[in-house]
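Thanks for coming. I have one structure to go through, and I will start with a single residue before turning to the whole chain. Please have a look at it first.

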Amino acid sequence: MNYIRRLEMERNAAQTEVEALREGLRAIRAYVLSDKFKADPTVQVQDIVLRVGAAMDAGTDARIASEEIDRKGVAQASR
């Protein structure tokens, strides 16, 4: 695999990860702005920590999946 193709794959994987992280942040924002917190605006720290962890895991999973798809594409193209 040449250098440019590897950089393209890394860029694609990073973009996929960022998109997944943004989605996770949107979900956290929707959670804290939900009706649940209209009367009492306090949020449990552990709730946020768990949701941030889930968003980070989703970002990592998306990046890994993107890298695997790119690797399979490169392997098929080189046959």
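Leaving aside its neighbours within four places in sequence, which residues is Ser66 in contact with? Contact here means heavy atoms within 4.5 Å. By that criterion, and with those neighbours left out, Ser66 touches Asn12, Ala13 and Thr16. Ser66 itself sits in helix α2, residues 45-77. Its relative accessible area is 10%, so Ser66 is buried; the scale is buried under 20%, exposed over 50% and partly exposed in between, with a 1.4 Å probe and protein chains only.

Before going on, a word on the source. This is a predicted model, in which local features need pLDDT of at least 70 and side-chain atom pairs count only at pLDDT 80 or more, while totals for chains, interfaces and linings use all residues. Residues are numbered from 1 along each chain as its sequence is written, and side-chain values use heavy atoms, with hydrogens and water left out.

Now the whole chain. It has two helices and zero strands, both being DSSP runs numbered from the N terminus (helices H or I, at least four residues; strands E, at least two). The radius of gyration is 18 Å, well over the 12 Å that the globule rule gives for 79 residues, so the chain is more spread out than a compact globule. That radius is taken over C-alpha atoms, and the rule is 2.2 Å times the number of residues to the power 0.38. Along the principal axes, the C-alpha atoms fill a box of roughly 60 × 15 × 15 Å.

How much of the chain is buried? Buried residues account for 16% of the 79. The accessible surface comes to about 6100 Å², and carbon and sulfur atoms hold 56% of that; areas are from the Shrake-Rupley method with a 1.4 Å probe, and for residues only the protein chains shown count as cover. Of the contacts between residues at least 6 apart in sequence, 69% join residues at least 24 apart.

Next, salt bridges, meaning a side-chain nitrogen of Lys or Arg within 4 Å of a carboxyl oxygen of Asp or Glu. How many does a search of the whole structure find? The search finds six.

One of them pairs Glu8 with Arg5, with the closest N and O atoms 3.8 Å apart. Both residues are in helix α1, three residues apart, about one turn of the helix. Glu8 is partly exposed at 31% relative accessibility, and Arg5 is partly exposed at 27%.

Glu10 and Arg6 make another, at 3.5 Å from N to O. These two are four residues apart in helix α1, again about one turn. Glu10 has a relative accessible area of 37% and Arg6 one of 39%.

Further along, Glu23 bridges to Arg26, with N and O 3.1 Å apart. Glu23 and Arg26 are separated by about one helical turn because they lie three residues apart in helix α1. Salt bridges with shared partners also join Glu17, Arg63, Glu67 and Arg71 into one network.

Last, the surface. Tyr3, Ile4 and Leu7 form a nonpolar patch with about 330 Å² of accessible area together. Patches take residues with over 30% relative accessible area and no salt bridge, joining like charges within 9 Å and nonpolar side chains (Val, Leu, Ile, Met, Phe, Trp, Tyr) within 5 Å. Leu7 belongs to helix α1, residues 3-32, and is partly exposed at 36% relative accessibility.
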